[in-house]
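Trainee: Please pick one part of this model and take me through it closely. I would like to see who touches whom.

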Amino acid sequence: MRALVTGGTGFVGRRLLAKLQQPVVVSRDAAKGGKQLGGSAGKVVAWNPMKEPLPAAALQGVDTIFHLAGDPVAEGRWTEKKKERIRDSRVIGTRNLVAGLAAAMAGAGSVKPKTLVSASAVGFYGDRGDEELDERSPPASDFLAQVCMGWEREALAARELGIRVVLIRIGIVLGEKGGALGKMLMPFKLGLGSPLGSGEQYMPWIHIDDLVEEMLFAARERSLSGPINGVAPHPVTNREFTKTLGSVLGRPTFMPAVPPFALKLLVGEFGQVLLASQRALPRAALAAGFAFRYPELEAALRDVIKK
């Protein structure tokens with residue numbers, strides 16, 4: 001496929017680029033983005049998603065778009081300005097992407113993309129206890145759920161252009177040297193790993209290689225449309241995750257659980273996200289024939305940590 005990637009310099013974006021041949025990448029600073037990516041991008045095009053539609057130059061010859069761009073949710077305290085960046089980078093950024101698609105496809109040239117694979121998040125479902133959640137489950141009403149709904153709504157507007165849209169609701173991505181696991185490892189290695197809150201909240205996780213393969217599968221599999229959950233088929237509770245990670249590292253996990261008030265002091269409003277329970281299942285991907293390489297947590301952690 002001839003692909004365009006937004007968010008290509010991010011944790012997941014870099015791994016995706018390694019699987020593509022000569023992809024086009026968009027970046028606010030094309031020169032800087034090119035240096036960061038080295039030879040993993042075929043072409044880097046400048047685009048400020050908050051200020052302008054996606055330029056037609058980025059779309060020439062492209063048949064598939066992977067849209068991953070968005071302000072990091074887990075970095076920095078959730079001030080009102082931070083929440084605005086989280087929301088606008090996804091909602092306005094996606095709106096400008098689709099506006100650029102519409103303008104380019106209306107003009108002359110070879111702009112005829114067929115598929116948009118747009119990131120979303122399991123935050124769509126909110127805090128749902130031990131309820132099993134699949135792609136048909138309704139959204140919640142909290143901040144992240146509202147962000148996800150706005151984000152998805154803007155992406156789905158590309159259907160009016162005749163483009164197939166897949167929304168991949170991503171869980172906690174496990175990969176080496178980055179993501180959520182990168183922040184967890186140090187306290188666990190020091191023997192300070194412990195559950196958060198009750199520890200009974202479900203954590204929908206996925207190995208980064210499975211996530212990238214699921215995105216590529218979604219781009220190829222014409223039967224897929226709309227939301228698919230980007231999570232492994234066996235979600236675990238926070239307590240189970242803590243125990244398994246400690247076991248893989250050979251470290252104890254006997255420390256007392258971190259109480260909710262302490263989380264709030266440490267990370268502010270984002271602490272509510274860490275305590276939310278989402279027992280999300282990838283039923284749409286499984287039904288379409290996708291096979292996970294790492295369906296079980298222990299094997300996924302062992303693969304990531306050995307690298």
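**A helix pair, then a strand**

Mentor: Helix 3 (residues 80-106) and helix 4 (residues 143-156) have axes that come within 8 Å and cross at roughly 10°. This is a predicted model: local features need pLDDT of at least 70, side-chain atom pairs need 80 or more, and totals for chains, interfaces and linings use all residues. Numbering starts from 1 along each chain as its sequence is written, and side-chain values use heavy atoms, without hydrogens or water.

Helices (H or I, at least four residues) and strands (E, at least two) are DSSP runs, numbered from the N terminus. Axes are lines fitted to C-alpha atoms, for helices over the stretch in contact; angles between N-to-C directions run from 0 to 180 degrees. Helix 3 and helix 4 are therefore roughly parallel (an angle under 35 degrees).

Who touches whom? In helix 3, the residues in contact (heavy atoms within 4.5 Å) include R87, V91 and V98; in helix 4, they include F143, V147 and W151. By class, this contact has 7 nonpolar, 2 polar and 5 charged residues. Nonpolar covers Ala, Val, Leu, Ile, Met, Phe, Trp, Tyr, Cys and Pro; charged covers Asp, Glu, Lys and Arg; the others, Gly among them, are polar.

Now strand 7 (residues 164-170). Strand 5 (residues 115-121) runs parallel to strand 7, joined by 7 bridges. Pairing takes at least two bridges found by DSSP. V165 is the bridge partner of L116. Strand 11 (residues 226-230) also pairs with strand 7 in the parallel sense, over 5 bridges. There, R169 partners N229.

Conventions
Parallel < 35°, antiparallel > 145°, perpendicular 65-115°, else oblique.
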